[in-house]
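Please look over the sequence and the structure before reading the points below.

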Amino acid sequence: MLVGVGEARNRPDGRESPTDSTSLAVAASHAAAGDLESLSVLDSIDAILMTVGSDDAPDPAGALREALGLPGAHTVVAAIGIPQQRLVGSAVLAVECGDADAVLVVGSEAKASSLSARRAGVEAPAARSGPGADQPLAPQGEFMADAEVSAMLWDPVAQYALIDSALAEVEGRSPARLRTDVSELWARFDAVAGTNPDAAFAGRTHTAESLATSTEENRLLAFPYNKWHSTQWALDHAAVLLICSEDFALRHGASADQLLHPQVALDSSWGLTLSRRQQMHRWPAMAVMGEVAQEHLGIALAELELTELYSCFPAAVRLQQRELGLPTDGTPTVTGGMAFAGGPFNHFTYMATAELARRLRAGGGNGAAELALLTTVSGLLTKGGLMVWGRDPHPEGALVADLSAEVRMATGQVEVAEFDPDLAIEDAGTVLAATVTGGFDPKLYAIADDAAGIRHVVSEPVPDDDPAEVLADILDAAG
């Protein structure tokens with residue numbers, strides 16, 4: 001049961017002092033309690049579940065526990081790579097099983113303050129940390145293949161660019177057409193951000209043409225992505241979700257129309273690195289979660305009016321649209337997405353939940369606005385999450401599950417050869433995906449299958465020419 005949502009923002013502009021993530025989390029916690037119109041509710045919090053932020057403090061939940069004066073609260077800290085829905089699902093289960101009356105799920109960043117202080121030559125407030133989480137959560141398994149690491153293919157933007165390249169190859173899209181496709185999608189996201197008063201990076205009016213054009217201010221990252229195709233996460237923000245039992249909420253003054261109910265909270269703690277995926281243009285994990293969610297809900301996800309797909313890069317949105325059966329020409333966001341609303345490093349899901357909660361409470365009256373969908377990527381399309389909230393409880397209760405076994409069975413795997421720095425793309429076999437990076441040392445990255453079905457990761461230097469033309473020439477030469 002979601003009963004209170006709270007957010008805190010700070011945008012240093014020379015008139016404010018840099019802040020720290022714990023101070024933001026305290027302010028957001030008070031805002032969540034204020035949403036319930038009962039600040040005393042914080043005295044009854046049984047647990048604090050929190051994600052690690054950009055400051056890498058090992059126990060941010062412990063720091064928040066001390067700041068709120070809750071010595072008895074159990075703390076859980078999730079490292080990067082844990083689906084953000086995992087903490088929400090854990091809080092729901094704790095409440096439903098009677099292990100807790102009220103739980104805070106928290107994410108907090110102070111990246112803008114950190115960068116602002118660095119540019120000004122002053123020291124930002126030090127990150128606060130507790131004595132060590134009662135329950136630390138770390139991701140399991142391989143996050144990136146050895147060949148990808150050896151090729152220095154570890155920048156998320158290059159990996160996501162390769163995913164979009166693989167999708168374009170399967171759908172018969174040229175590099176130039178791919179650049180147009182992703183920019184048209186992002187222009188629609190930008191238009192939504194323009195209607196969001198809390199969007200951190202709205203107001204610049206990005207057209208599809210301007211997004212597609214590489215300039216000094218919109219520099220090439222990895223084709224087809226320029227700067228504004230990427231998450232803009234340099235902001236100060238905290239989001240808090242107050243999850244509790246219905247009895248607890250009503251005893252603390254919540255009204256019936258304020259209560260929101262979890263329908264499904266699904267994730268997969270098993271993931272597979274990009275080059276090992278048999279079909280790099282697919283994400284079976286999200287398809288599996290979508291099918292399970294639809295069966296439980298009894299309604300197609302495409303019929304839900306409120307949707308926020310995790311939007312770190314266009315490929316994440318484009319694959320999720322296809323795997324979840326959503327319209328590929330749609331605009332699945334209510335915030336404006338992570339490039340324009342701002343993408344907190346490890347808690348955008350909670351930021352989006354706060355906005356979806358406000359819209360669900362406003363109602364719609366037609367049934368569609370009674371449910372809201374949001375997803376999480378949590379890595380390089382590796383460990384995902386999917387959650388649906390509703391205005392009314394599901395007749396069978398919330399479905400909370402880790403679908404790792406099902407995801408593993410649905411995901412085809414291939415063997416990846418050891419990286420060979422001397423392997424040329426024309427000798428690597430059938431090219432499945434390729435991108436050209438920008439910067440001072442532009443590189444071609446490609447993934448190809450040889451005649452024996454062995455996967456190869458290729459890296460080559462490339463001339464500093466138009467990336468679309470370079471890529472088209474390379475792909476033509478490679479067959």
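The model is predicted.

**Helix α10**
- Helix α10 covers residues 284-297, and its 14 residues should span 20 Å at 1.5 Å a residue. Its end C-alpha atoms are 20 Å apart, which agrees with that expectation.
- Of the 14 residues of α10, 10 are buried, so the helix is largely enclosed by the rest of the structure.
- The buried residues of α10 are Pro284, Ala285, Met286, Ala287, Val288, Met289, Gly290, Ala293, His296 and Leu297.
- The cover over these buried residues includes the strands β9 (261-267), β11 (371-376), β12 (385-390) and β13 (399-402). It also includes the helices α11 (314-323) and α13 (404-410).

**A nonpolar surface patch**
- Val149, Met152 and Trp154 make a nonpolar surface patch of about 300 Å².
- Trp154 lies in the loop between α5 (146-150) and α6 (156-171).
- Trp154 counts as partly exposed because its relative accessibility is 46%, a value between the limits of 20% and 50%.

**Cysteines**
- The count of disulfides comes to 0, where a disulfide requires two cysteine sulfur atoms within 2.5 Å.
- For Cys244, the closest cysteine sulfur is that of Cys97, at 15 Å, which is too far for a bond.
- Cys244 is buried, with a relative accessible area of 0%.
- Cys312 also counts as buried, at 7% relative accessibility.

Key: Residues numbered from 1 in each chain as written. Predicted model: local features only at pLDDT ≥ 70, side-chain atom pairs only at ≥ 80, totals over all residues. Heavy atoms only, no water. Helix = DSSP H or I, 4+ residues; strand = E, 2+ residues; numbered from the N terminus. Expected span 1.5 Å × (residues − 1). Buried < 20%, exposed > 50% of the residue type's maximum accessible area, 1.4 Å probe, protein only. Contact = heavy atoms within 4.5 Å. Patch = residues over 30% accessible without salt bridge, like charges linked within 9 Å, V, L, I, M, F, W, Y side chains within 5 Å. Areas by Shrake-Rupley, 256 points an atom, 1.4 Å probe, with all protein chains shown as cover. Salt bridge = Lys/Arg side-chain N within 4 Å of Asp/Glu carboxyl O.
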